[in-house]
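The sequence and the structure are shown first, and the description follows.

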Amino acid sequence: MKYLKHLPAAAAIILLSFSYLKPRPVLYIIGDSTVKNGSGKGADALWGWGSLIGHYFDTAKIEVQNHAIGGRSSRTFITDGRWEIILKKLRKGDYVLMQFGHNDGSPLDDTARARGTIRGIGDESAEIYNPIRKMNETVYTYGYYMRKFVNDAKAKGAVPIICSPVPRNNFKAGKVQRGSQDYGLWAKQVAEQTGAFFIDLNQRIADQYDRMGQDAVDKFFPKDHTHPNLEGSTLNAEMVVSGVKALKNCTLRGFLR
């Protein structure tokens, strides 16, 4: 009987131990070089927003993994096997934050990359010979591959969040060119089709660029019109964070610092 009085304390210790053993949810980030440039450590002064966004989250409560890689489209991120690697680890309560589009407009079957997707979000497909993979391949629309990311994530109990692609440094008549007629629009439409959360990153950043003006924005792009430096990618990361904060009913908000 003398041991019974110690049972509540022992139970509390056991429960506390289990709480520490419970793994943190993971925020998986997938995308192209505007999300992770090179190794993600600022080579050639170029960065992606996914390499910086972890600073905005409480990493004691959530793990942030940036799996984006330069040169990939929504199609080749899958055909390279990179999505399958994530799917094997993806658990209920995890998050997938995705941004594709910059490379999807490339040719379907060129000898350089063979990474393009069919424009739009429909059910069209094309049979090609892939000279990189040296095999026949059925290529689908941008929307098809984006829907696959979302549906696969949901099937695992994870929360998918689509970002429209960041704008390039292309100004016309004092305004930056937006993606509201192509990949920015299609990303939004896929989110509406699938019930995924959506951050209109293209519009959020373009609004900032318009306010700043072309001369100021030019300083973000030391190499070309697509890949920002640390300052530009920091702005992009901040726009992702502000987009997360604006998502109603998205539990990822609770992990922000």
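This is a predicted model: local features need pLDDT of at least 70, side-chain atom pairs count only at pLDDT 80 or more; totals for chains, interfaces and linings use all residues.

## Strand S1

Strand S1 is accordingly described as mostly covered, with 6 of its 6 residues buried.

Strand S1 pairs with two strands. It runs parallel to S2, and 4 bridges join the two; the bridge partner of Leu27 in S2 is Val64. With S3, strand S1 pairs in the parallel sense over 5 bridges, and here Ile30 has Met98 as its bridge partner in S3.

## Strand S3

Strand S3 is also mostly covered, with 5 of its 5 residues buried. Tyr95, Leu97 and Gln99 point one way from S3, and Val96 and Met98 point the other way.

A parallel pairing over 4 bridges links strand S3 (residues 95-99) to strand S6 (residues 159-163). Within this pairing, Val96 stands opposite Pro160 in S6.

## The sheet as a whole

Which order do the strands take in the sheet? The 5 strands form an open sheet in the order S2-S1-S3-S6-S9, and the pairing is parallel. Strand S2 (63-66) and strand S9 (197-199) stand at the edges; each has a single partner strand, so one side of each is left without a neighbour in the sheet. On average, neighbouring strands of this sheet are turned by 20 degrees against each other, direction ignored.

Helix H3 (residues 82-89) packs on the sheet and touches strand S1 (26-31), S2 and S3. The direction of H3 makes about 170 degrees with that of S1.

In general, the strands of a sheet pair through backbone hydrogen bonds, either parallel or antiparallel.

## Helices H4 and H5

Two packed helices are described by the angle between their axes and the distance between the axes. For helix H4 (residues 142-155) and helix H5 (residues 183-194), the axes come within 10 Å and cross at roughly 40 degrees. That angle makes H4 oblique to H5. The crossing in which H4 passes H5 is right-handed.

On the H4 side, the contact is made by Tyr142, Gly143, Met146, Arg147, Val150, Asn151 and Lys154. These meet Tyr183, Trp186, Ala187, Val190, Gln193 and Thr194 in H5. By class, the contact of H4 with H5 has 7 nonpolar, 4 polar and 2 charged residues.

## Helices H6 and H8

At what angle do helix H6 and helix H8 pack? Helix H6 (residues 201-212) and helix H8 (residues 230-245) pack at an angle of about 130 degrees, and their axes are 9 Å apart. H6 is therefore oblique to H8. This crossing of H6 and H8 is right-handed.

The residues of H6 in the contact are Leu201, Arg204, Ile205, Gln208, Tyr209 and Met212. Their counterparts in H8 are Leu235, Asn236, Met239, Val240, Ser242 and Gly243. Classed by residue type, the contact of H6 with H8 has 7 nonpolar, 4 polar and 1 charged residues.

## Loop residues with positive phi

Asp44 lies in the loop between S1 and S2. Although Asp44 is not a glycine, it has a positive phi of about 60 degrees. Is Asp44 buried or exposed? Its relative accessible area is 58%, so Asp44 counts as exposed.

Lys134 is placed in the loop between strand S4 (125-130) and strand S5 (135-140). Lys134 is not a glycine, yet it has a positive phi of about 55 degrees. With a relative accessible area of 62%, Lys134 is exposed.

Methods
Residues are numbered from 1 along each chain as its sequence is written. Side-chain values use heavy atoms; hydrogens and water are left out. Two strands pair if DSSP finds at least two bridges between them. Axes are lines fitted to C-alpha atoms, for helices over the stretch in contact, and angles run from 0 to 180 degrees between N-to-C directions. Contact means heavy atoms within 4.5 Å. Angles under 35 degrees count as roughly parallel, over 145 as roughly antiparallel, 65 to 115 as roughly perpendicular and the rest as oblique. A crossing is left-handed if the near helix is turned anticlockwise from the far one by less than a right angle, and right-handed if clockwise. Ala, Val, Leu, Ile, Met, Phe, Trp, Tyr, Cys and Pro count as nonpolar, Asp, Glu, Lys and Arg as charged, and the others, Gly among them, as polar. Buried means under 20% relative accessible area, exposed over 50%, partly exposed in between (1.4 Å probe, protein chains only).
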